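Okay, thanks for coming, everyone.

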Amino acid sequence: MILNVAIVGSGFGGLGAAIRLKREGIGNIAIFERADDLGGTWRDNTYPGCRCDVASNLYSFSFAPNPKWSNTYSYQPEIWSYLQDVATKNDLRPLIHFNHDVTDISYDRTDRLWRITTNQGDFQARSVILAAGGLAEPRMPDIEGLASFKGPIMHTAKWDASVDLTGKRVGIIGTGASAVQTVPQIAPTVGSLEVFQRTPSWILPHLGHDVTQRSMRLFSIAPLLQKFVRAFGYWQRELMVLGFVKDPSRMTKGETMSREHLERQVPDPELRDRMTPNYRLGCKRVLISNDYYPTFSRENVTLVTEAIKRVEPQGIRTVDDVLHEFDVIITATGFYVTDNPIGTKVHGAKGEQLAEAFRGDMANYKGTMFPNFPNLFMLGGPNTALGHSSIIFMHESQLNYIVKTIKVALLRDARIEPTVDAARTWTQGLQEKLPGTVWGTGCSSWYLNEQGKNTTIWPDFTFKFRKETRHFEPKDHEISV
Ligand code: NAP
């Protein structure tokens with residue numbers, strides 16, 4: 001059987017896509033999921049303290065509000081359970097092929113179809129929606145001798161709860177979003193904790209708090225009120241674009257707030273100095289936490305800022321030749337983003353790899369389609385990620401365009417791809433804009449690819465992206481029937 005639409009991944013993106021297609025009456029769709037359960041990054045990241053740094057009322061589907069969030073910034077178990085709920089309510093489970101690891105997606109020019117190879121057999125589809133996630137492939141650090149360590153090594157995104165940290169000597173590499181959440185949680189349990197910081201992060205106070213039963217009841221009986229709260233949070237975040245994009249010098253206000261936060265929470269001036277970033281706030285992802293800095297006042301927690309030389313069987317040796325001995329090493333070292341392996345598995349009509357789009361060698365159209373990749377769509381494609389707001393807003397915008405395009409394709413049995421001109425205009429327009437933004441002020445971050453090009457971030461208000469993706473523009477596409 002030839003599928004109308006094959007969706008890869010069952011996280012927020014894949015589930016959202018399936019719901020939108022179903023609501024538009026598009027049937028004969030399937031979701032391919034490599035794991036045995038749905039949920040994407042919110043299934044995989046189970047490290048202690050994992051939660052979302054975007055408020056839950058905004059970090060949820062606009063069409064599936066949840067009046068029962070127990071915290072304004074929910075923790076991973078609740079977000080994962082929200083996704084399970086959404087899947088059940090929308091009857092998505094029968095569509096999901098679990099334990100199907102997609103190894104190749106190639107366009108067959110003869111049959112004008114996509115061939116999807118999985119570890120459990122091959123499939124064919126007229127259209128493909130890639131929703132494999134930008135933060136799906138954990139990156140282990142490239143440190144000499146890592147494999148020689150005698151104890152357990154675990155990445156935060158592959159947390160192994162069977163490793164008992166009680167009383168152990170633990171080293172954690174990285175001080176990004178994941179580390180900042182894990183460190184305060186494990187510090188009281190472990191014997192000692194050494195945190196290896198390469199670059200300090202800007203950290204702002206966390207405004208999250210528990211939601212009262214009364215508010216939950218109010219949201220249940222007055223959904224408009226919850227919509228209002230969501231809209232308020234949305235517009236507050238959109239204002240940040242003025243600093244991130246329009247005039248990065250405005251970020252000094254946030255820098256002052258962060259420095260004051262650090263001063264209040266870290267009494268030792270020498271330690272404060274080592275934890276103070278020397279780049280513009282926003283250039284790397286801004287973090288929020290109230291319990292990370294105070295953790296360093298604990299007797300059993302140390303910040304290590306000497307660079308790592310290598311890993312040895314007993315622990316981590318730093319460049320000052322000190323061996324830091326550990327029982328367990330945790331890597332909070334992020335993900336393959338601009339070099340996400342999914343890109344190397346997708347081949348267009350002329351055999352080219354989709355990975356070229358993130359390398360910056362291939363133009364894309366609205367971060368969603370690519371010339372020579374007919375009827376193939378990517379959620380979270382190039383320059384659709386955000387530093388200031390909810391990625392789900394971006395996914396829903398992309399889906400407006402995707403669903404309309406798929407409808408045209410199905411109605412006319414057509415193969416649709418963006419024209420080279422339209423894709424070049426879009427891509428060049430963004431690339432000309434990016435150097436003037438906060439992400440171009442000089443720091444290393446996962447927003448930049450190996451060539452230093454920003455192929456991840458959307459450099460504007462998100463409502464502008466929503467407007468751009470509202471319609472299917474026939475003039476920007478080649479439609480072959
Ligand atoms: P990350 O932000 O990429 O941080 C990785 C950390 O590891 C950085 O401190 C990095 O240092 C360090 N590192 C990497 N390789 C290293 C090496 N060889 N030696 C020493 N240090 C090394 O990764 P993450 O914390 O997992 O977060 C990734 C993204 O996931 C976030 O930015 C966010 O979008 C998302 N996330 C979100 C939440 C949330 O609350 N919503 C929570 C967790 C993650 P450098 O800075 O020097 O490179």
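**Strands, helices and holes**

Let's start with a strand pair: β19 and β20 (residues 477-480) run antiparallel and are joined by four bridges. Pairing here needs at least two DSSP bridges between the strands, and the helices (H or I, at least four residues) and strands (E, at least two) are DSSP runs numbered from the N terminus.

Quick housekeeping. This is a predicted model, so local features need pLDDT of at least 70 and side-chain atom pairs count only at pLDDT 80 or more, while totals for chains, interfaces and linings use all residues. Residues are numbered from 1 along each chain as its sequence is written, and side-chain values use heavy atoms, with hydrogens and water left out.

Back to β19, residues 415-418. Arginine 415 has serine 480 in β20 as its bridge partner. In a regular strand, side chains alternate between the two faces of the sheet. Is β19 buried or exposed on its two faces? Both are covered, with Arg415 and Glu417 buried on one side and Ile416 and Pro418 buried on the other. By buried I mean under 20% relative accessible area, with exposed over 50% and partly exposed in between, using a 1.4 Å probe and protein chains only.

Now helix α6, residues 223-239. Its 17 residues should span 24 Å at 1.5 Å a residue, and the end C-alpha atoms are 25 Å apart, which agrees. The expected span is 1.5 Å times one less than the number of residues. Buried in α6 are Gln226, Arg230, Gly233, Tyr234, Arg237 and Glu238. These cover an arc of only 140° around the axis, so they sit on the same side of α6; the arc is taken from the directions from helix axis to C-beta atoms. Leu224, Phe228 and Leu239 are exposed on the other side. What covers the buried residues? The cover of α6 includes α5 (213-221), α7 (241-246), α13 (391-411) and α15 (462-468), with contact meaning heavy atoms within 4.5 Å.

α6 also matters for the next bit, as it gives the most to the lining of the second largest pocket, eight residues. That pocket has a volume of about 1,300 Å³. Its lining has 43 residues, and Tyr73, Leu207, Gln236, Arg237 and Met240 lie nearest its centre. Points are joined across faces, edges and corners, and a volume is the space filled by probe spheres set on them.

How many cavities of 30 Å³ or more are there? Two. The largest cavity holds about 50 Å³ of space, and among its lining residues are Thr175, Gln197, Met275, Tyr292 and Tyr293.

Last stop, α14. Ala422, Ala423, Trp426, Thr427, Leu430 and Gln431 are buried there. They cover an arc of only 155°, which puts them on the same side of α14. Over on the other side, Asp421, Thr425 and Glu432 are exposed. α15 turns up again, as part of what covers the buried residues of α14.

Terms used
1 Å grid on protein atoms, 1.4 Å probe; cavity = no way out; pocket = protein on both sides within 12 Å on 5 of 7 lines; lining within 4 Å.
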